[in-house]
Amino acid sequence: AEKQVAKLLPKIAKSVEDEEFSQVLQEERESLNQGVEALEAAFEALGKRPRAVACDAMLGLVEEASSVMEEAEGNAVDAGVLAAYQAIKHYQITRYGTLASWAGRLGIEEAASRFEEITQLCKDADVRLTEIAESQ
């Protein structure tokens, strides 16, 4: 799912006009990398090898954002893309929050801690996106 979003970010960043929104999107690249690293570390702690699997839910959210970029014009692009990207953040919050709980229950404290950190990064980005949306 994170790799699907990583492919979308450069396209979104080019489509938006709002500088603050563009800045949030640039910062998101680092957050995505941290998510992938945390997932890899959790698999390693379990003695398993991670493998990429397409996430149907994320594919749908990415498609929604792509559709908005193709169909909207003017200020509607920023508003629509922001809403679509915020839906992606909400999905990430639920997934990383769940992973943090599962890792904690399995006694993989390092992974649980990393997943909690990423969940908080996603929540922080969501707050910033809401502030941008409400200011326009």
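α2 and α5 pass each other in a left-handed crossing; a crossing is given this label if the near helix is turned anticlockwise from the far one by less than a right angle, and right-handed if clockwise. The model is predicted, with local features needing pLDDT of at least 70 and side-chain atom pairs counting only at pLDDT 80 or more, while totals for chains, interfaces and linings use all residues. Residues are numbered from 1 along each chain as its sequence is written, and side-chain values use heavy atoms, with hydrogens and water left out. Helices are DSSP runs (H or I, at least four residues), as strands are (E, at least two), numbered from the N terminus.

**Packing around α2**

The angle between α2 and α5 is about 165 degrees, and their axes are 10 Å apart. Axes here are lines fitted to C-alpha atoms, for helices over the stretch in contact, and angles run from 0 to 180 degrees between N-to-C directions. α2 and α5 are therefore roughly antiparallel to each other. Angles under 35 degrees count as roughly parallel, over 145 as roughly antiparallel, 65 to 115 as roughly perpendicular and the rest as oblique. Sorted by class, the contact of α2 with α5 has 13 nonpolar, four polar and six charged residues. In this scheme Ala, Val, Leu, Ile, Met, Phe, Trp, Tyr, Cys and Pro are nonpolar, Asp, Glu, Lys and Arg are charged, and the others, Gly among them, are polar.

α1 packs on α2 at an angle of about 165 degrees, with the axes 10 Å apart. That makes α1 roughly antiparallel to α2. The crossing of α1 and α2 is left-handed. On the α1 side the contact (heavy atoms within 4.5 Å) is made by E2, V5, A6, L9, P10, I12 and A13, and on the α2 side by F21, S22, L25, E28, R29, L32, G35 and V36. By class, this contact of α1 with α2 has ten nonpolar, two polar and three charged residues.

For α2 and α4, the axes come within 13 Å and cross at roughly 25 degrees. That makes α2 roughly parallel to α4. Their crossing is left-handed. From α2, the residues F21, L25, E28, S31, L32, G35, V36 and L39 meet D78, V81, L82, Y85, K89, Q92, Y96 and L99 of α4. The contact of α2 with α4 has ten nonpolar, three polar and three charged residues.

**Nonpolar cores**

A nonpolar core is a set of buried Ala, Val, Leu, Ile, Met, Phe, Trp, Tyr and Cys residues joined through side-chain atoms within 4.5 Å. The largest one has 24 residues, of which I12, F21, M58 and Y85 touch the most other members. Two or more residues each come from α1 (2–15), α2 (19–45), α3 (56–71), α4 (75–105) and α5 (109–135). α4 gives the largest share, seven residues. A second, separate core has twelve residues, including A100, A103, I108 and I118.

F21 touches I12, V16, D78, V81, L82, L129 and I132, with residues up to four places away in sequence not counted.

**Individual residues**

The accessibility classes are buried (under 20% relative accessible area), exposed (over 50%) and partly exposed (in between), using a 1.4 Å probe and protein chains only.

| Residue | Relative accessible area | Class |
|---|---|---|
| E28 | 4% | buried |
| Q4 | 15% | buried |
| V36 | 21% | partly exposed |
| W102 | 55% | exposed |

E28 lies in helix α2. Not counting residues up to four places away in sequence, E28 touches L9, Y85, K89, Q92 and A125.

Q4 belongs to helix α1. Apart from its neighbours within four places in sequence, Q4 is in contact with A54, C55, M58, L59 and V62.

V36 is in helix α2. Its contacts, neighbours within four places in sequence left aside, are with E2 and Y96. V36 and M58 are 22 residues apart along the chain, and their C-alpha atoms are separated by 15 Å.

W102 is in helix α4. From W102 to A112 the C-alpha to C-alpha separation is 7.6 Å, at ten residues apart in sequence.
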